[in-house]
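Here's a protein model to explore. Take a look at the structure, and then we'll go through its pockets, its domains and a ring with charges.

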Amino acid sequence: MSALLEVRNISRSFRTTLAVNDVSFSVREGELVGLMGPNGAGKSTLFNLIAGVLPPSAGEIVYDGRTVTGWKAHDMARVGIARTFQIPKPYRQLSVIENVMLSAFLREKSIVGARKVAAATLDDVGLADFAESPASSLTVGLLKRLEVARALAMRPKLVLFDEIMAGLTPTEVGSMTSFVAQLPSRGITVIWVEHVLYAIMKTATRMIVINRGKQIAEGTPAMMARDPAVVKAYLGEEIAIA
Ligand code: ADP
Ligand code: MG
């Protein structure tokens with residue numbers, strides 16, 4: 001398997017904060033990689049860099065053999081990188097299916113085509129019954145599913161999930177975990193940030209750990225739970241890592 005994504009010495013600062021500091025890693029096609037780190041570690045910023053929401057201050061991003069550093073989110077989406085936002089940002093006045101159609105239009109030119117893709121995606125994430133409801137009527141759990149549907153309707157090759165479990169009930173966590181776990185078998189490579197670590201640890205083939213913008217560890221979930229640097233980074237956080 002070849003590398004689908006290569007992040008090379010990437011950094012991003014905001015005034016005096018070095019949010020991402022010289023991070024390098026690669027992800028092969030078909031992997032499900034967990035990206036973990038305590039609050040403020042730089043996870044969402046790293047996603048913003050990979051998805052083209054923010055340009056890096058330094059470093060390079062190579063995707064599918066192409067240097068895409070500095071590309072805008074729309075161009076990243078076109079080549080197959082989609083992301084969810086930690087705080088869902090649906091168009092609240094639009095219906096659930098209309099929200100998903102807006103993503104489907106990336107690859108579908110007709111309204112009929114976009115509606116078809118959107119309906120299939122809603123079915124996939126278990127939101128079919130809410131297709132015609134206004135997005136503003138959804139509960140937190142359903143909004144997270146809508147976020148996932150909006151990303152998947154772009155038919156990405158690489159999807160970045162940013163805390164799609166926050167606020168979900170244990171049952172919802174279970175079904176979302178099984179859903180994410182089967183994406184690689186459908187040709188979708190996943191990088192997953194989650195505060196609900198047990199879900200990721202059960203599912204990911206590999207974990208990358210960052211703290212204060214720096215990569216501090218990488219390995220299997222079982223290795224990470226025993227890594228002193230990882231355990232130390234999480235001290236003081238109310239979170240069980242195994
Ligand atoms: P995480 O997702 O791991 O919790 P973030 O990437 O959101 O961490 O944040 C990393 C650091 O960068 C934090 O110190 C945060 O305050 C800072 N940061 C993130 N985004 C911005 C921004 N747009 N402007 C200024 N500082 C930011
Ligand atoms: Mg975050």
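Which element gives the most to the lining of the second largest pocket? That's α1, with 3 residues.

## Before we start

This is a predicted model, where local features need pLDDT of at least 70 and side-chain atom pairs count only at pLDDT 80 or more, while totals for chains, interfaces and linings use all residues. Residues are numbered from 1 along each chain as its sequence is written, chains are lettered from A and ligands numbered from 1 in the order written, and side-chain values use heavy atoms, leaving out hydrogens and water.

## The second largest pocket

A pocket here is an open set of points on a 1 Å grid over the protein atoms alone, where a 1.4 Å probe fits and protein lies on both sides within 12 Å along at least five of seven lines; lining residues have an atom within 4 Å of a point. The second largest pocket holds about 160 Å³ of space, counted as the space filled by probe spheres set on the points, with grid points joined across faces, edges and corners.

Its lining has 13 residues, and G40, A41, G42, K43 and S44 lie nearest the centre. Two or more residues come from each of β2 (17-28) and α1 (43-50). These elements are DSSP runs numbered from the N terminus: helices (H or I) have at least four residues and strands (E) at least two. By class, the lining has 3 nonpolar, 7 polar and 3 charged residues.

## The largest pocket

The largest pocket has about 450 Å³ of space. Of its 19 lining residues, R83, F85, S103, R150 and M154 lie nearest its centre. At least two residues each come from α2 (73-79), β6 (81-83), α3 (96-104) and α5 (140-152).

F85 also has charges over its ring: R83 at 4.2 Å from the ring centre and K89 at 4.3 Å. The rule asks for NZ of Lys or CZ of Arg within 6 Å of the ring centre and within 35 degrees of the ring normal.

## Two domains

An automatic or database assignment sets the domain bounds, giving domain 1 (1-80 + 156-242) and domain 2 (89-153). Their C-alpha centres lie 24 Å apart.

Definitions and conventions:
Nonpolar A, V, L, I, M, F, W, Y, C, P; charged D, E, K, R; others polar.
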